[in-house]
Amino acid sequence: EQSYMESVVTFLQDVVPQAYSGTLPAEEKEKIIWVRFENADLNDTSRNMEFHEIHSTGNEPPLLVMIGYSDGMQVWSIPISGEAQELFSVRHGPVRAARILPAPQISAQKCDNFSDKRPLLGVCKSIGSSGTSPPYCCVDLYSLRTGEMVKSIQFKTPIYDLHCNKRILVVVLQEKIAAFDSCTFTKKFFVTSCYPCPGPNMNPIALGSRWLAYAENKLIRCHQSRGGACGDNIQSYTATVISAAKTIKTGLTMVGKVVTQLTGTLPSGTTEEEILAHSNIRRSPLVPGIITIIDTETVAEGQQVLVSEDSDSDGIVAHFPAHEKPICCMAFNPSGMLLVTTDTLGHDFHVFQILTHPWSSSQSAVHHLYTLHRGETEAKVQDISFSHDCRWVVVSTLRGTSHVFPINPYGGQPCVRTHMSPRVVNRMSRFQKSAGLEEIEQELTSKQGGRCSPVPGLSSSPSGSPLHGKL
């Protein structure tokens, strides 16, 4: 048994940082690069009937945690008891992206050759299975049942992200999207007209249960859907002052570089290259802030999705402007009918309801339900997520903050009645209808010239309405 002094010394050795004590740690801790909770067949309540009786049996689906290290990754299953179990581990260099592929939808025309290997794990590592490909240029599919690699898909350029659902596996490159059938892993379609983003998502996309949304580089009028977010967004006084200060700082920096170039302390090509880069951006015909949504079921097999005046709108369900700056991040809600988008400034997040038309994307309606506002300083948005009942939206930025907004899936002002109930309630209660509050709200909405809900009595035609509905 330790004496009192020995206990104090042991406590100090545990508590005092190593930098003060000067001793090296006994073992080096692994550095975690990224971590994410994953949804898969293992914790899908619709596939596991024992999870339906949660209240009576105490069963809850386990959490799947994926941890990326500097030399590999691990997949852990954490049940409600808290006893974590390692499902998979690979240590062949850093992993940029990884996804657990859900079981595919099997049709009469397709045969699942990987049924005895599933569930599968898609991994994008720095070193591929062949060893000869450039870093992060291949997707290796591992079997979580046997641990072996069952397939490898090679690319010529680096991969930045992976997305998957029961229909397709989407591989995101810098200015290209490649989709593969989740059953056979043959090429389904590809997109080359993406608008790149400076980061953290180099090529932002949103994958729902059936639709795929991506940032388009041009607005084609003949395919443009009705609605979207059109018109200038009014900046507050604080944002204008901050923007002016940044402009002055940039101008002073440019002047300083020119002065140092004249004095000979800076290579002469530096300022010239920056000026050429700025001029090329101004002359670029690409248009930022455009979003295209395609139906992954109706896109022609193995074809390129191209939105142009000469092409038909086969597979394109919506095409509309969402922001004036490049798209930074976007996400579908669980039903796939709502889409949240944000640009590189990170000030405003637009919530759209997508109402498609069976004939063409130009007949579809994109209702702008909300503009959720974060703040005046710029922030790079890392991720956006919905709650399961679509009454809350959370946005996480690289500043280390997360912002939670209340919304209604059908639009309208969030209130105590809509968000304090355990269930999603109808837009209008009997009291509101009998008291005539619906007519009063309609009159107020028409006077303001904006709308908060796509209900026919409250919203006008969604053609070119300005930004509105600030929260």
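Modeller: Before we start, a contact in this discussion means heavy atoms within 4.5 Å. The model is a predicted one.

Colleague: Understood. Which residues does L306 touch, leaving aside those up to four places away in sequence?

Modeller: L306 touches S311 and I316.

Colleague: And where is the place of L306?

Modeller: L306 is found in the loop that runs between β17 (303–305) and β18 (316–321).

Colleague: How far apart are L306 and V191 in sequence and in space?

Modeller: They are separated by 115 residues in sequence, yet their C-alpha atoms are 7.0 Å apart.

Colleague: Why does L306 count as partly exposed?

Modeller: The relative accessibility of L306 is 41%. Partly exposed covers the range between the buried limit, under 20%, and the exposed limit, over 50%, so this residue falls in the middle class.

Colleague: What about β18 itself: is it enclosed or open to the outside?

Modeller: β18 is largely enclosed by the rest of the structure, because 6 of its 6 residues are buried. It pairs with β16 (residues 290–295) in the antiparallel sense, over 5 bridges.

Colleague: Which residue stands opposite I316?

Modeller: I294 stands opposite I316 of β18. I316 is also one of the residues that L306 touches.

Colleague: Let us turn to the aromatic residues. How many aromatic pairs are there in the whole structure?

Modeller: The search finds 5 aromatic pairs. One of them is formed by F114 and F185, with 5.3 Å from centre to centre and 75° between the planes, an edge-to-face arrangement.

Colleague: Why does that pair tie together parts apart in sequence?

Modeller: F114 lies in the loop between β5 (95–101) and β6 (120–125), whereas F185 lies in the loop between β11 (177–181) and β12 (187–191), so the pair joins parts that are 71 residues apart in sequence.

Colleague: Is F114 buried or exposed? And F185, buried or exposed?

Modeller: F114 is buried, with 14% relative accessible area. F185 is buried too, at 4% relative accessibility.

Colleague: Which residue has K176 over its face?

Modeller: That is F190; K176 lies over the face of its ring, 5.4 Å from the ring centre. K187 also lies over the face of F190, at 5.3 Å from the ring centre.

Colleague: Now the sheets. What is the order of the open sheet of 3 strands?

Modeller: The order is β23-β24-β25, and the pairing is antiparallel. β23 (381–386) and β25 (402–406) are the edge strands with a single partner each, so one side of each has no neighbour in the sheet. From one strand to the next, the twist averages 15°.

Colleague: How many bridges join β23 to β24?

Modeller: There are 5 bridges between these antiparallel strands. I384 stands opposite V395 in β24. The two strands form a hairpin with 5 residues between them, and C390 in the turn has a positive phi of about 65°.

Colleague: What about the pairing of β24 and β25?

Modeller: β24 (residues 392–397) pairs with β25 over 5 bridges, again in the antiparallel sense. V393 has F405 in β25 as its bridge partner.

Colleague: And what is the order of the open sheet of 4 strands?

Modeller: It runs β1-β2-β3-β4, with antiparallel pairing. Its edges are β1 (32–38) and β4 (85–90); each has a single partner strand, so one side of each is left without a neighbour in the sheet. Ignoring direction, neighbouring strands are turned by 15° against each other on average.

Colleague: Which residue in β4 is the bridge partner of V75?

Modeller: F88 is the bridge partner of V75. β3 (residues 73–78) and β4 run antiparallel and are joined by 5 bridges.

Colleague: Stepping back, how many helices and strands does the protein have?

Modeller: It has 8 helices and 25 strands. Of its 471 residues, 43% count as buried. Among contacts between residues at least 6 apart in sequence, 54% join residues at least 24 apart.

Colleague: Finally, what pLDDT does the protein average?

Modeller: The average is 78, and 68% of the residues score at least 70. Residues 268–284 stay under 50, and the model has 9 contacts for them beyond four places in sequence. Residues 448–470 are also below 50, with 64 contacts in the model beyond near neighbours in sequence. Where pLDDT is low, predicted coordinates should not be read in detail.

Note on methods: Residues are numbered from 1 along each chain as its sequence is written. This is a predicted model: local features need pLDDT of at least 70, side-chain atom pairs count only at pLDDT 80 or more; totals for chains, interfaces and linings use all residues. Side-chain values use heavy atoms; hydrogens and water are left out. Two strands pair if DSSP finds at least two bridges between them. Axes are lines fitted to C-alpha atoms, for helices over the stretch in contact, and angles run from 0 to 180 degrees between N-to-C directions. pLDDT is the predictor's confidence in each residue, from 0 to 100. Buried means under 20% relative accessible area, exposed over 50%, partly exposed in between (1.4 Å probe, protein chains only). Rings of Phe, Tyr and Trp (its six-membered ring) pair if their centres lie within 6.5 Å; planes under 30 degrees apart count as stacked, over 60 as edge-to-face and the rest as tilted. A charge sits over a ring if NZ of Lys or CZ of Arg is within 6 Å of the ring centre and within 35 degrees of the ring normal.
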